[in-house]
Amino acid sequence: MENEGRMSRLASMLRRRGVILPSFEMYGGVSGLVDYGPVGASIKRRVVDCWIDHWTGIPNVREIDSPTITPESVLQASGHVGEFNDHMSECKGCKRVFRSDHLLEGVHENPDTLDAAKLDDEISRNGVCCPSCGSSEWGISSPMNLMFRTSIGAMGNARAAYMRPETAQGMFMLYPALFRHFRQKLPFGAVQTGKGYRNEISPRQGMIRLREFNMAEMEYFIDPESPPEVDLDRWGSEAVLLPDPEGPFPGEHRVSFSKAFESGIVRHPTVAWFLAMTMEFLEKVGLDPGKVRFRQHGGSEMAHYASDCWDCELLGEHGWIECVGIANRTCHDLLAHEEHSGSSQLRGWRQFDSPRVDSRDVLAPIGSVIGPKLKDKASEVTELLGELQELPDSLPFNLDLGDGSVVQITEEMVTRKTVEVTSHGEYFTPHVIEPAFGIDRIVWHILDHNFREVEKEGENYTILSLNQEIAPFDVSVLPLFDKDGMGEMARGIATRIREIKGIVVDIDSSRSIGRRYARCDEIGVPWALTVDHTSLEEGSVTVRRRDDQLQVRALVDDIIIRLANGTMEGLF
RNA sequence: GCGGGCAUGGUCUAGUGGUUAUGACAGCAGGUUCCCAACCUGCUAACCCGGGUUCAACUCCCGGUGUCCGCACCA
């Protein structure tokens, strides 16, 4: 097998050249944590920049930045605390793991209130059998919350907190500020990139499951009754979709995104739009479109907050890996935060085309009668009468106060009349569609898809064919020899290039020219400029293109202009 | 988290109860070459951590950590 060991050769190269390395290695390392070295950090930064440019290209999308430390109450509202504080028990017979409290259902009244010791105690005392194999031998239950717990403040006043498991909550916290910023008009969105933390039980597969990782998420808020116009043809080609196998479209579908939406495979237009935009982004950063597919979550797989979710999976050395999730989170988060925080600012306003006039019959309370008669219950009764949806046919009638007590409403307490209410619009809770990207996984797959092992004059040779936008350096300047003024000239050229905004330049004068070309190729530098004797006389250098190793001669002044406006290809 | 394999310069590796601990590649300095990892000379650089056995441990044993494979987990 030719590809035997490709992954370890790639990993070796990444370590050797300072792209991605295990963290804290001199202290033994920590599994699930990695460093981006001097080459990798630059690649990662450019991927993130590219991502931000891509998504903020949508009108009304701005970048925000929130803390990674998050108070417990926020994550209680979002469901992260409750969903992940489960204790797990392992069956000693078949090694399967179950939620400890689920094992006690029907045995104990509220199993979810028990702590670890009580759970174990109850499980063994009741002789609970394994639902899978029937054994009643259980290991000690262990808590399984994937969040890193911490506390804000010292000593007794400390407030419980977690390192954020996703950047999304920061965007929800800023919803009121975003709503004001965008002049109270939907749709709008916010993007955020940054670290997220999950204390994985057993991280494996290097870059794929990290405990601290880079995420990039957008929360796009829409009015569910009038979703935005979308352009599904921005990715015109077909993509591979794998809808829920339990749903109406089992199997693999190779369709365009507009077809996928028209045929109902993708239910929501905004979701379909983001699938297309995701495809567009992935190609932009140099992933192989033939190694991309979209898979819809089945019901049981769905996150607690989502109503529909498509994973974008990339094929690499680790198989198909989920790198992007596009979820319709509906109104789940905003509603939850409204309930838990008591804030009333997590809403959108839907203006009616013309004011609506509702007329309805009411029993208008007569304060001068109700007040003296009902005393301290008067205000409550007044309120309840206002909320009454169906009026009683005749009076008197009994009004249920909801606390068990009942008040008789008599003829003289109220007047029956028709009121007209004019409303110009209504509040609603926006829905949110979220594309969430795992940046590290994407970087890994970019490296994987672009790591080319070729043969050059009988030798093994590696080229990292990165797109220039995400290459660690745009160009490397190489004096053929560091003598006769070639070194000085090269340094002068590098200085001029360094002044071009957004262009990163490297200079290398050690060892033979062929060796330096090889080093550039290995870390994906797309252009090399070689300064030779002719350069000193004519002000020209040879330009070498990484991907085919072709060379042309060009004037330095021309190259500077071409680097600045991105037309280097025009030289060939 | 369970079971098994592995852990030696930057990378890939050889090897031993007492060695000056291999070799290749990479790197550095010089020479040479004068546009694709060439060549010559010299140099830098390693036994994962902790405990134990032993006169002596890189080597044997135990524990930890990391890593790989399988099982489990992965909102």
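Which residue just after H10 takes a positive phi? In this predicted model, the residue is glycine 286, with a phi of about 90°. Residues are numbered from 1 along each chain as its sequence is written, while chains are lettered from A and ligands numbered from 1 in the order in which they are written. Local features need pLDDT of at least 70, side-chain atom pairs count only at pLDDT 80 or more, and totals for chains, interfaces and linings use all residues; side-chain values use heavy atoms, with hydrogens and water left out.

Helix H10 comprises residues 269-284. Helices (H or I, at least four residues) and strands (E, at least two) are DSSP runs, numbered from the N terminus. The 16 residues of H10 should span 22 Å at 1.5 Å a residue, and the distance of 23 Å between its end C-alpha atoms agrees with this; the expected span is 1.5 Å times one less than the number of residues. H10 is mostly covered, as 13 of its 16 residues are buried. A residue is termed buried under 20% relative accessible area, exposed over 50% and partly exposed in between (1.4 Å probe, protein chains only).

Aromatic contacts were considered next. A pair of aromatic rings is described by the distance of the centres and the angle of the planes. Rings of Phe, Tyr and Trp (its six-membered ring) pair if their centres lie within 6.5 Å; planes under 30 degrees apart count as stacked, over 60 as edge-to-face and the rest as tilted. Across the whole structure, 18 aromatic pairs are found. In one of them, the ring centres of tryptophan 55 and phenylalanine 274 are 5.6 Å apart and the planes stand at 80°, so the pair is edge-to-face. Because tryptophan 55 belongs to helix H2 (residues 40-55) and phenylalanine 274 to helix H10, this pair ties together parts that are 219 residues apart in sequence. Tryptophan 55 is buried, at a relative accessible area of 0%, and phenylalanine 274 is likewise buried, at 0%.

An edge-to-face arrangement is also found for phenylalanine 281 and phenylalanine 437, since their ring centres are 5.5 Å apart and their planes lie at 90°. Phenylalanine 281 is placed in H10 and phenylalanine 437 in strand E21 (residues 431-438), so parts 156 residues apart in sequence are tied together. Phenylalanine 281 has a relative accessibility of 0% and counts as buried; phenylalanine 437 is buried with a value of 1%. Ring pairs join Trp51, Trp55, Tyr220, Trp273, Phe274, Phe281 and Phe437 into a cluster.

Rings also meet charged groups. A charge sits over a ring if NZ of Lys or CZ of Arg is within 6 Å of the ring centre and within 35 degrees of the ring normal. The charged end of arginine 356 sits over the ring of phenylalanine 352, 3.6 Å from the centre, and lysine 456 lies over the face of tyrosine 461, at 4.3 Å from the ring centre.

Salt bridges form a further group of contacts. Side chains of opposite charge can pair when their charged atoms come close. A salt bridge is a side-chain nitrogen of Lys or Arg within 4 Å of a carboxyl oxygen of Asp or Glu, and the whole structure holds 32 of them. Aspartate 532 bridges to arginine 553, with the closest N and O atoms 2.8 Å apart. Aspartate 532 lies in the loop between strand E26 (527-531) and helix H17 (533-538) and arginine 553 in strand E28 (residues 551-555), so the pair ties together parts that are 21 residues apart in sequence. Aspartate 532 is buried, with a relative accessible area of 13%, whereas arginine 553 is partly exposed at 35%.

In the salt bridge between arginine 545 and aspartate 548, the closest N and O atoms are 2.6 Å apart. Arginine 545 is buried at 15% relative accessible area, while aspartate 548 is partly exposed at 34%. Arginine 562 forms a salt bridge with aspartate 558, for which the closest N and O atoms are 3.3 Å apart. These two residues are four residues apart in helix H18 (residues 556-565), and therefore separated by about one helical turn. Aspartate 558 is partly exposed, with a relative accessible area of 29%. Elsewhere, Glu166, Arg329, Asp333 and Glu434 are linked in a network of salt bridges.
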